[in-house]
Amino acid sequence: MYQWRNFQFFEEKAVGGNVAEELKEKVECSTSGRGQIAVGTEDASVHVLDRGLKLSYSFQAHSINVQYIQQLKQRNMLVSVGEDDTSTPRVTAVHLKMWDLDKIQPEGSSTTGPACVRSLKIFAPKFPEAKITSFLVFEEAPPILLVCIGLETGYIYCIRGDVARERVSRLRLQVDPAVDNQPASPVTGLGFRVDGAILQLFAVSTTSVNLFDMHQQPPQKHVLDMLGGEGQNMTMSDNQELVVGRPEAVYFYEADGRGPCWAFDGEKRYLGWFRGYLLAVTATPKKASKNVFNIYDLKNKLIAYSVPIGDVSHILCEWGSITVLTKDQKILCVAEKDMGSKLAMLFKKNLYTVAINLVQSQHADAAATAEVMRKYGDHLYEKQNYGEAMQQYIRTIGQLEPSYVIQKFLDAQQIHNLTNYLEKLHEKGLATADHTTLLLNCYTKLKDVSKLDEFIKGDESREGEHRFDVETAVRVCRAAGYYQHALYVAKRAGEHESYLKILLEDLGRYEEALQYISSLPLYEEAVTLKQYGKTLVGHKPAETTAALMKLCTGSSSGGTENGSQSNSGPGNLLPSPVDFVHVFIDQPKWLMKFFEQYVETVKDSLAHLEIHNTLLELYLSEDLRTPVLTEVVSEAPSVKETLKESPSLKETSPVKENDPFATWGLKSKSSKTIVMNGTPPKIRTKEKPVPIVVVPPVEKESPEEREERLKKALGLLKNGWGPHEQQPRYDVDLALVLCQMHNFRDGLLFLYEKMKLYKEVMVVYMKDGDYQGLISCCKRLGDASRGGDSSIWSDVLTYFGERGEDCSKEVKEVLVYIERDNLLPPLIVLQKLAKNATLTLSVVKDYIARQIQQETRYIDEDRRAIEKYQETSTMRAEVHELKTNARIFQLSKCTACTSVLDLPAIHFLCMHSFHQRCLGDNEKECPICAPAYRHVLDLKRNLEQNAGDHDTFFQLVRNSEDGFSVIADYFGRGIFSKPEKPSSPANGLVRTSTNSSFA
C-alpha cells in the first residue's frame, strides 16, 4: 500500500473561552454558509454563530425536534426539517420550514428570531410518512428550490417550486425500496451535480449508488454501483464528484460510473471536502476505538494534516477554516497555512518535487511556481546534476531572467545544456538578439549542422513567423561561414538587403542576385538596384543594364500579377533612369549604353534634360575606363594546392572591400595569376602565404572609339535641338561649358549658330586660323536677306587687318561682299587693312577704283536731284499769285470740243475752259487735270496711313541697314505732323453764265 507523506500544512486555531454554550450541548444537525454557522440542538432550537463561534441569536425552529437544517447560498435563508405538535393530541407532524434570516423579529415581540416564511408538511396521503435519513436542498433560479428528502424506506421525496409561496410540486423517486422478501435500503446520502443546463442527483443507499437525471420527466435512475455507504461517509468534491467512503477505500463517482479510488487504512467514519482537500475521520488500524482526523491532498498524494480526535459528529467549513465538532462536545478549528510557510517547510527538507506539485495544484501564480523551480534547479546544480538542473531552469522560462541561467552554463563543458536552454527560449518566442547569437555560436562550435538546419528551417510551416531575430541569425551565420543558412533565413524573412549582401559579398552569385531583384515589386526593385547596382554593374554590366532598362521602361515583370507592367506613361510611375547614374560610377561606358537605349525607347521622358546632359558629358569625356580581367605574374602555389589548403574557397567567394574592382588571384599551372574582381582571401600554405597582386583595372580606349563618341555628341546636339524647336532637350549653358572644356569645336560652332551668336562662331574660326572656314561661315551667316548678320564681314576684315601674315586672297574675297552690301565706307576699309604690314596696295586697288566710280555716280545723281528740287520755288510763286491776284481767263475755244466758247461756260484755275454741256454732270473738276490730282491725293492718303503703322516702322528700323534713312523717310511722310483736313481741289473752278462775269 502506498505510504502517504505526512505534513502539517494546517495549523490549529485556538478556540477562546467565549464559545457559545449551545455548542456544548448535543448538536443534532448543522450547516454553514454566508459567513455564519447554524446548529440545531436537541431542544429543537437553532443557534446562529458568528466567526468567533459566539452566539448571534437563537430561535425555536420546531416544537419537538429539529432533524436537518441547510443554509441557502444565494439567499440568506435557512431551511429546516423537524417535528411539530399538531392540533390532535399526541400526534406530531414533520414540517419543512423556510426561515428568512434577514428578517429578525424585534425584541419584545411574542417570538424572537427570524421570520418563518413558510411551513409545509412533508408527508401526505400519497407520500407516506417514514423516517428521514438524508436531506438536501438545491437552489435553482430563485425563488425556485428543489428539496430532496431521503427516507428509510428507500424512497426520495422531492418538493420543487416556490416554497415561500407554497407553489410547489411533489415527486417520489424510487431508490432501493422493499421488494418481495428483501427489506428496503435507507437513502443515506444525496448530492447534486450540474452539467450545463442538466441537473443530476446522486442517491446513495446502504446497498447501491444511483444517479437520477432530473431534467427528464419522470427522472430516470442509473445504477452506478451495487455497493452503498453510510450517511456520514459521503460528500461532494469541488469537481461535482460523489465521494463515498468504505472501510477498504474512498471511491469517487462521476455521471458515467465509478471513477478512481484511494485506499486508506482504517474504517471511514466521516468524510468532508474543503478546497480540494479530502477530509476524513478514520479509525486507527491498531485501535478501532480511536480516530484520526486526516486532511488528504489527493493531487500531490500527501497528508496535509493529521491529528488524533474523538468521535466526530459534524464538520463545518466556513471563513477559510475547518471546524470539527465531536460527540463529546469538543471543538477543533484548523486553518491552512500560507503558501510561503508550506514551501519553507518543504525546502528545509529538500522536497522540491513536492513543492512544485503543491504550487501547481493550488494554482499559484507563474512567478511563485518559477521561483520554486529555480530553487530546485539551484539545488540540483550544486549537486552537479546539470542535466536535471537545466530541465528545471527550462520550466522557469518566461519568469526567470535568462541571464541567470546562461551565466551558470557558459562553461564549454556545459554547451549542450546551454544549447538546450536557448532552443527552448526560442521556441517560446522569448529570445532576444543576444540569445540568438549565443545559440548559433553554440551550433557552430559544436559543428552540429543538423541542429542548425532544424533551428533555421524547422518552422517552415509557420509562414511569416520566426522564433529568432532574423538580423542576428543572418549576421552570425555569415560570420561563421554558413552562407547557405544565412541566405535561407534572409530570403524567407523577406530581408532583401541581407539576402543580396550574402549573394553579392559572400557567394558572388551575381546573376542569381539579379534574378531575385527582378522578382521584387517595382518600388523595392528600384530601391535595391540603387543600393547594389554598383556592385552588379561591376561584375555583370550587360545583365544589370538590361534589368535597369526593363525597370525604367516599364517592361519589368517584378511585382505584377500577370507578369508584366504597363508601358503607358513611363515618366509617371516608373523610376527615372537618372536615379541610377551612381551605379555606373565606375562603368561610364555602360552608363552611356544605358542612356542611349533609354532615349531610343522612351521619347517623352520627363528626365530628357538630365539624360541628354549626362550623355553629352560621356560623349565628350577624354577617356572612358572600364575594369577588365587581367593576367599578372605571381609566385603563388597552384590553384589546386591552394584550394586544398582552403576548402572554403570551393564553396564561396571572399568578402569584398569598399573598392568593387580590387583584384585577387591564384596562380595557375602556367605561373600566371587570373585576376578577378574582389578582395583577396587570406590564404596560407604550409610554406608561405600567397602573395596578393593588385592591378589598376583599366581598358585603353582606341582613337576610333573616341572619334565615334564625338560623332554621337554632335548628333546629340543636333537631334536635341531641331530646326523648328524653340528650346533644346539639353541644358545649353552646360553644353557650351562641356564643349569648351573638351575643345569640341563642332559642338561649339553648332551651339553658337543656333543661339545666333555669329561673332562667337567667327571667334572659333579665328582662334584656329581657319581662313576658308571663316569665309565660308560668313557667306552662310552674313547674308542679311536670309536673317544673317552682315556686320560679321566687318569683323572678319578687322581680323585679317590685324593678322601679321599675308592673306591677300582672303581680303579680296571679303572686300567683294563688303562692296556688294556697302557695309563699310572705303576710308574705314583702308584704315582696317593698313594695320597689316604684309598687305600691298594691289589688294585694294580695284576696290578703291570701283568705290571712286560709284561715289562719282552718286554725286551726279545728287546734283540732278538738287536741280529737280529747285523747281519748287516756281511752284510756290504760282501758288502765291493764285492766292493774292485775280486770274484772267482768255481762252476763246472749249478745251474739250475746240469749238468757240459760248455761254454758259466753266473756267478752271488750271486755265482750262469748257462748255457746260461738254462737262455733263462732272462740273467740279477739270477732266484734263483730275487724274493727276487724284493720284497725288491717293499717295498722300497712303503716306498718312503708313505713318500710323508703328509695328511696321519698328520692324523696318530693326531690319534696315541704315535705320536713320527709315526714320527720315517716315518723317517726310508726316509721322510727326498733325493730320490736315483735305483741301479743296487745286484746280478750283469758276462758273460763268449769261448774267455773270469772270472772277
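Helix α4 (residues 386-395) packs against helix α6 (residues 415-427) at an angle of about 15°, and their axes lie 10 Å apart. The model is a predicted one, in which local features need pLDDT of at least 70 and side-chain atom pairs count only at pLDDT 80 or more, while totals for chains, interfaces and linings use all residues. Residues are numbered from 1 along each chain as its sequence is written, and side-chain values use heavy atoms, with hydrogens and water left out.

Two packed helices are described by the angle between their axes and the distance between the axes. Axes are lines fitted to C-alpha atoms, for helices over the stretch in contact, and angles run from 0 to 180 degrees between N-to-C directions. Helices (H or I, at least four residues) and strands (E, at least two) are DSSP runs, numbered from the N terminus. Helices α4 and α6 are therefore roughly parallel to each other (an angle under 35 degrees). Their crossing is right-handed, a term used if the near helix is turned clockwise from the far one by less than a right angle. On the α4 side, the contact (heavy atoms within 4.5 Å) is made by Tyr 386, Gly 387, Met 390, Gln 391, Tyr 393 and Ile 394. Helix α6 contributes Asn 417, Leu 418, Asn 420, Tyr 421 and Lys 424.

Gln 392 also lies in helix α4. This residue is buried, with a relative accessible area of 7%; buried means under 20% relative accessible area, computed with a 1.4 Å probe and protein chains only. When neighbours within four places in sequence are left aside, Gln 392 is in contact with Ile 356, Met 373, Tyr 376, Gly 377 and Leu 380.

Four strands form an open sheet in the order β2-β29-β28-β27, with antiparallel pairing. From one strand to the next, the twist averages 25°. Two strands pair if DSSP finds at least two bridges between them. Strand β27 and strand β28 (residues 321-326) pair in the antiparallel sense over six bridges. Ser 321 in β28 is the bridge partner of Glu 318.

Zero disulfides (pairs of cysteine sulfur atoms within 2.5 Å) are found in a search of the whole structure. For the sulfur of Cys 894, the closest cysteine sulfur is that of Cys 897, at 3.6 Å, too far for a bond. Cys 894 counts as buried at 2% relative accessibility, and Cys 552 counts as buried at 0%.

Key
Buried < 20%, exposed > 50% of the residue type's maximum accessible area, 1.4 Å probe, protein only. Parallel < 35°, antiparallel > 145°, perpendicular 65-115°, else oblique.
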